[in-house]
Amino acid sequence: MTTAPYGSTIPWAEPSWYTGRPSPYYKDSHRRLRDHVRKWTEEHFSDKAAEWEENGAVPQEIYQQCAEAGLLVHIAAGKAIPKEWSSYLVIAGIKAEEWDGFHDFILWDELVRGGGIASIFIGLVVGAPPIRQFASEALKAEIFPQKICLAITEPSCGSDVRNLTTTATLTPSGTHYLVNGAKKWITNGLSADYFLTAVRTGGPGAAGISMLLIPRLPGVTTRPLAIGAGKLAALAYVTFEDVEVPASNLIREEGAGFRQTMVNFNHERLWIVFQALRGCRVSMQDAMAWAQKREVFGARLVEQPVVRWKFGGMARRVEGLQAWTEQVVYELGELSEGEGARLLGGVTALLKVEAGVVGRYVADECVKIMGGLGLTKTGQGARVEAFSRTVPGLIVPGGSEDVLIDLGVREALKLQKIADKAKLAKSNL
Ligand SMILES: Cc1cc2nc3c(=O)[nH]c(=O)nc-3n(C[C@H](O)[C@H](O)[C@H](O)COP(=O)(O)OP(=O)(O)OC[C@H]3O[C@@H](n4cnc5c(N)ncnc54)[C@H](O)[C@@H]3O)c2cc1C
């Protein structure tokens, strides 16, 4: 069944199901969410990105505004809203039990399209899932509408999470942990009220790592880190000096932090893919609009076969990425969290790599099509310029490209071994 086209009619500016073509994945509640978030972001934020960039921050009160609009719980939810959170506002008339991974996808897609607004939620996106899955009821109830961030990476270890050095030592009374160490490149760290932090509570390696929810207590300091993508993500260098954290802020148990971090990566990587997809579509939309009106050498750009070839190249990569993403979102929705991580951890890693590769390709092509406008922060090329600065942020954070390619292949080989064993066991029956 086809439906009325929604959004831009420019080719590839919207996912195919927006254009009215059928899809097995999307139902009425997905369409309602899309309409709601697009209207809301356009009404409140569509013209704000440049002003926020200029000022170097999204105003603090916007977070509260988003909390009041019922957004936070949905952003934190991932593919399901836990029962503890179901009493929070549910948007667009969607029931908590209806919420699925495609709602998560649409919410992100539309927030990213909304400009700089998405940047204030990154900490929540990456920090909330371990709380949702593993924290006590009391901690779960505490986090809204606080701002949280995820603090794993340290100056001396990023990809190699097993070797992190920030320590959390239980005080003799057992009531508190004393935390010392530093974390680097922490998104939303400058504005965060809480730092979901990977700390060493035990011996070396993965088994000694735990997760601790650290409030902004005395001894916590944050300072800004400047990156090319701009200041809106409030990137921070975080220092913990003898910070006394209640022992009850431990996420589940000591030694479970490494596994919690790894499970969390699946959603973080998927979210980066959602971000890449909308960045590509927005860039293609603006480049195509420009190509349809800009005249060079007596013809519009879009009349040049080489320019059309560029759009064809971008379209097949973006639509391929969209289809693979939808398949992974569907599969994760059908599986438990544990099975999803086991079967799709490697796949999600490779999908995230592909998002970076496609994003880089699209950004480069769109910058060329826009000409000088593609390097200019204002005017018709502004969104292409912004996306081209964002692309490295799709490639390194959340697991760097080289590391994830290797992980994806190792995971596939691991699954092959398990499948071969199972087959052998069956044939021996
Ligand atoms: C904008 C931004 C936002 C971020 N947000 C957060 C956040 O919110 N929270 C957080 O905890 N961290 C965050 N990070 C940190 C990010 O996750 C790390 O930068 C990333 O994991 C890489 O770690 P690293 O920088 O220490 O690089 P390293 O681990 O030193 O690696 C450097 C390079 O070496 C290569 N490499 C390393 N290991 C291997 C291997 N085994 N095989 C092949 N090649 C390898 C890769 O090319 C890699 O890019 C952020 C980083 C950036 C830039």
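**Ground rules.** I'm working from a predicted model, where local features need pLDDT of at least 70, side-chain atom pairs count only at pLDDT 80 or more, and totals for chains, interfaces and linings use all residues. Residues are numbered from 1 along each chain as its sequence is written, and side-chain values use heavy atoms, with hydrogens and water left out.

**Ligand shell.** I looked up who sits around the ligand and got 17 residues, with T153, S159, W185, S400 and D402 coming nearest (near means a heavy atom within 4 Å). By class I have 10 nonpolar, six polar and one charged residues; Ala, Val, Leu, Ile, Met, Phe, Trp, Tyr, Cys and Pro count as nonpolar, Asp, Glu, Lys and Arg as charged, and the others, Gly among them, as polar. Strand 1 (148-151), strand 3 (176-186) and helix 13 (401-427) each give at least two shell residues. Helices (H or I, at least four residues) and strands (E, at least two) are DSSP runs numbered from the N terminus.

**Ligand nitrogens.** Next I checked polar contacts, meaning N or O pairs within 3.5 Å. A ligand nitrogen is 2.7 Å from a side-chain N or O atom of T153, and the T187 side chain also has an N or O atom 2.7 Å from a ligand nitrogen. The protein covers 63% of the 970 Å² of accessible area the ligand has on its own (Shrake-Rupley method, 1.4 Å probe).

**Domains.** Which domains does the assignment give? I noted domain 1 (16-142), domain 2 (148-255) and domain 3 (258-427), with bounds from an automatic or database assignment. Domains 2 and 3 both give residues to the ligand shell, so the ligand lies between them. Their centres, over C-alpha atoms, are 29 Å apart. Their contact (heavy atoms within 4.5 Å) takes 13 residues from domain 2 and eight from domain 3.

About 920 Å² is buried between domain 2 and domain 3, 60% of it from carbon and sulfur atoms; buried area is the accessible area (1.4 Å probe) two parts lose on being put together, summed over both. V161, M211 and A229 supply 35% of what domain 2 buries against domain 3, more than any other three residues.

**A382.** Last, I found A382 in helix 11 (residues 382-390). Leaving out residues up to four places away in sequence, A382 touches L373, T376 and K377.

Notes: A polar contact is a pair of N or O atoms within 3.5 Å; within protein, one must be able to donate a hydrogen and the other to accept it, and residues adjacent in sequence count only if both atoms are side-chain atoms.
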